[in-house]
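Please consult both while reading the points below.

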Amino acid sequence: PQASASPVDDPDRETLVVTVDRKGKLFLDDHEMTAAALQSKVAAILRVRPKTPVLVRGDRQASYNDVMQAMVLLQAAGAPSVGLVTQSADPRPRGR
């Protein structure tokens, strides 16, 4: 029998994760960046790897506005879509 498989480490599928902290600071791969530097860096990556998934992870205390601004910035950098990283709810009951 023969089978074909695509490589697991496909460089076009490496995900970019941008983090917004509670103070509105932006991080790419745990490196703090200004909005302009982040937009430039993401645009450069997407020119080389246009199918790269782009996600935003917001700190629980980050403002909705800061997270939305990050998403708009990433779309302006050329990301065709931007996803949100979510955390599941804490399964432990509260107040008991």
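In this predicted model, strand 1 and strand 2 form a hairpin, with 5 residues between the two strands. Gly24, which lies in the turn, has a positive phi of about 90 degrees.

- The pairing of strand 1 with strand 2 is antiparallel and extends over 3 bridges.
- Val18 has its bridge partner in strand 2, namely Leu28.
- Strand 1 is mostly covered, since 4 of its 5 residues are buried.

**Parallel pairing through strand 4**

- Strand 1 also pairs with strand 4, here in the parallel sense and over 5 bridges.
- Two residue pairs illustrate this: Val20 has Gly58 of strand 4 as its bridge partner, and Thr19 stands opposite Arg57 in strand 4.
- Strand 4 pairs in the parallel sense with strand 5 as well, over 4 bridges.
- Arg57 stands opposite Val85 in strand 5.
- Between these two strands, the chain runs from strand 4 through helix 2 to strand 5, and this β-α-β crossover is right-handed.

**Helix 2**

- Which residues of helix 2 are buried? They are Val67, Ala70, Met71, Leu73 and Leu74.
- These residues lie on the same side of helix 2, because they cover an arc of only 160 degrees around the axis.
- Tyr64, Val72 and Ala76, on the other side of helix 2, are exposed.
- The buried residues of helix 2 pack against several elements, including helix 1 (35–48), strand 1 (16–20) and strand 4 (54–58).
- Just after helix 2, Gly78 adopts a positive phi of about 115 degrees.

**Leu73 as an example**

- Leu73 touches Ala35, Leu38 and Gln39, when residues up to four places away in sequence are not counted.
- Leu73 and Leu38 are 35 residues apart along the chain, yet their C-alpha atoms are separated by 8.4 Å.

**The largest nonpolar core**

- The largest nonpolar core has 21 residues. Those that touch the most other members are Val20, Leu38, Val42, Val54, Val56, Leu74 and Val82.
- At least two residues of this core come from each of strand 1, strand 2, helix 1, strand 4 and helix 2.
- In soluble globular proteins, nonpolar side chains tend to be buried together.
- Which residues does Val56 touch, not counting residues up to four places away in sequence? They are Val18, Val20, Val67, Met71, Leu74, Val82, Gly83, Leu84 and Val85.

Note on methods. Residues numbered from 1 in each chain as written. Predicted model: local features only at pLDDT ≥ 70, side-chain atom pairs only at ≥ 80, totals over all residues. Heavy atoms only, no water. Buried < 20%, exposed > 50% of the residue type's maximum accessible area, 1.4 Å probe, protein only. Arc of directions from axis to C-beta. Contact = heavy atoms within 4.5 Å. Core = buried A, V, L, I, M, F, W, Y, C linked by side-chain atoms within 4.5 Å. Pairing = 2+ DSSP bridges. Right-handed = clockwise from strand over helix to strand, strands pointing away.
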